[in-house]
Amino acid sequence: MPTGKPTVAVISYHAPPVLNAESILVWKTLKVLRTWFHLRLVTASVPSTDTTLMLPDDIEVERLPTWMPSAYKPRRAVEKILGRFADEAWLWARQTPSCMAAPVDLLYSRSQPGASHLLALRWKLRTGRPWIAQFSDPWAHNPYHAGRTARRKAFDEANERAVVAKADALVFPTREILEQYVHLYPQFAVAEKSIVLPHHFMPDLYPERVERPAEIADKMVFAYLGDFYGQRSPEPFLVGLAKALEVRPEMRQRVAVEFYGNVESKFEPLVARAPVPIRKGRVSYLDSLARMRQADVLLLIDAPSATGRNPFLASKLIDYLGAGRKILGITDTEGTAADILRHHGHPVVSPRDAGGIAQAIVEMMDAYDRGESFSVPVPMAYSSEEVVGKLAAHMERLLGETHVK
């Protein structure tokens with residue numbers, strides 16, 4: 001499909017219509033990146049989960065089978081067994097897409113999972129084309145993967161080392177993750193070939209006006225959009241809310257809490273004992289943006305780190321910024337997420353500080369009683385146009401350097 005634009009092969013195991021954070025980031029990135037490049041996407045063939053996430057027709061897509069059961073529980077069981085030894089998507093990455101034989105100007109892979117980079121590494125070794133590897137989270141040294149077997153750790157470390165060595169450029173979402181890779185791989189001059197780009201939001205996806213359902217029309221609404229799993233628990237907020245309602249008992253009938261996403265079964269008892277009834281459900285990505293705009297306060301709830309410094313940047317935080325609502329950041333008080341929140345006037349409290357969370361909630365209840373607006377300015381520096389534009393410029397520089405060589 002000749003277009004006059006350079007061709008970029010995008011390798012990402014997760015892509016629309018899958019509904020998860022990485023797939024959504026891929027969707028937003030490619031919708032903007034196609035302005036500068038002709039895109040050829042290699043992704044996994046998995047059941048559709050969000051039919052509103054449709055890729056533009058001018059993006060070529062090749063979907064490779066995963067060899068996994070289609071039903072959720074059997075698939076998770078197989079992934080758990082395979083994950084003891086290798087990346088859960090390793091079998092997918094061992095395949096050779098038909099488009100690998102077609103001319104391409106640049107390779108661009110995204111993780112998680114790291115298997116996307118493994119397929120891109122084989123492509124790089126076969127063709128020698130310039131390659132950008134983008135990481136949403138740490139791979140081999142993710143602090144929340146401490147329970148992995150020694151064999152799995154060795155697998156991840158060996159493959160991560162190969163990717164860092166061979167990639168021409170690396171992209172990380174936070175300075176903290178970049179620093180981790182600089183420390184781990186001093187032999188590869190990581191800093192010199194890396195850039196930091198945050199996640200991003202698309203302003204035109206948010207509805208201009210939203211109407212609240214009658215049952216919450218006159219209530220102060222706290223909303224969390226995302227999953228609770230692993231160490232990411234609703235407990236810090238629920239404990240803080242209970243303490244806040246002890247101080248402001250008259251607010252008990254005037255507060256509404258919404259959780260939209262998957263709540264792991266181990267957290268269900270916590271939710272059932274919440275100090276106010278919690279509206280729960282699962283919604284499409286576009287519907288989640290509308291629900292963000294409906295809320296008064298959006299909840300960022302991160303798992304606490306061992307160091308008190310959060311290396312991660314949740315993509316939901318950037319979507320929250322795009323919604324233009326007040327955010328309560330229950331996250332480590334050091335790190336990129338905390339810095340972004342404070343810079344834009346949002347409170348930050350450690351997940352371990354129940355009293356501080358309660359105080360922040362009480363202050364928001366007081367502001368609600370005073371009739372203050374919970375709408376805030378939208379920081380356009382995190383828009384997809386701005387962030388993906390920087391990625392495109394980096395790709396063009398890399399292509400220019402390659403042509404000079």
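Is Glu60 buried, partly exposed or exposed? Glu60 counts as partly exposed, because its relative accessibility is 24% (buried is under 20% relative accessible area, exposed over 50%, partly exposed in between, with a 1.4 Å probe and protein chains only). This is a predicted model, in which local features need pLDDT of at least 70, side-chain atom pairs count only at pLDDT 80 or more, and totals for chains, interfaces and linings use all residues. Residues are numbered from 1 along each chain as its sequence is written, and side-chain values use heavy atoms, with hydrogens and water left out.

**Salt bridge Arg40–Glu60**

- A search of the whole structure finds 25 salt bridges (a side-chain nitrogen of Lys or Arg within 4 Å of a carboxyl oxygen of Asp or Glu).
- One of them pairs Arg40 with Glu60, with the closest N and O atoms 3.4 Å apart.
- This pair links distant parts of the chain, 20 residues apart: Arg40 sits in strand E2 (residues 38-45) and Glu60 in strand E3 (residues 60-65).
- Helices (H or I, at least four residues) and strands (E, at least two) are DSSP runs, numbered from the N terminus.
- Arg40 counts as buried because its relative accessibility is 10%.

**Salt bridges of Arg248**

- Arg248 forms a salt bridge with Asp366, the closest N and O atoms being 2.2 Å apart.
- Arg248 lies in the loop between helix H7 (235-247) and strand E9 (255-260) and Asp366 in helix H12 (residues 354-369), so the pair ties together parts 118 residues apart in sequence.
- At 11% relative accessibility, Arg248 counts as buried; at 28%, Asp366 counts as partly exposed.
- Arg248 also meets Asp369 in a salt bridge, at 2.3 Å from N to O.
- Here the partners are 121 residues apart, with Asp369 in helix H12.
- Asp369 counts as partly exposed, at 37% relative accessibility.
- Shared partners join Arg248, Glu250, Arg254, Asp366 and Asp369 into one salt-bridge network.

**Cavity**

- The count is one cavity of 30 Å³ or more.
- On a 1 Å grid over the protein atoms alone, a cavity is a set of points where a 1.4 Å probe fits but cannot get out; lining residues have an atom within 4 Å of a point.
- The largest cavity has a volume of about 80 Å³ (the space filled by probe spheres set on the points, which are joined across faces, edges and corners).
- Its lining includes Leu25, Tyr108, Arg110, His199 and Leu391.
- Helix H1 (21-33), strand E4 (106-111) and helix H13 (384-404) each give two or more residues to this lining.
- H13 gives the most, with three residues.

Note on methods
1 Å grid on protein atoms, 1.4 Å probe; cavity = no way out; pocket = protein on both sides within 12 Å on 5 of 7 lines; lining within 4 Å.
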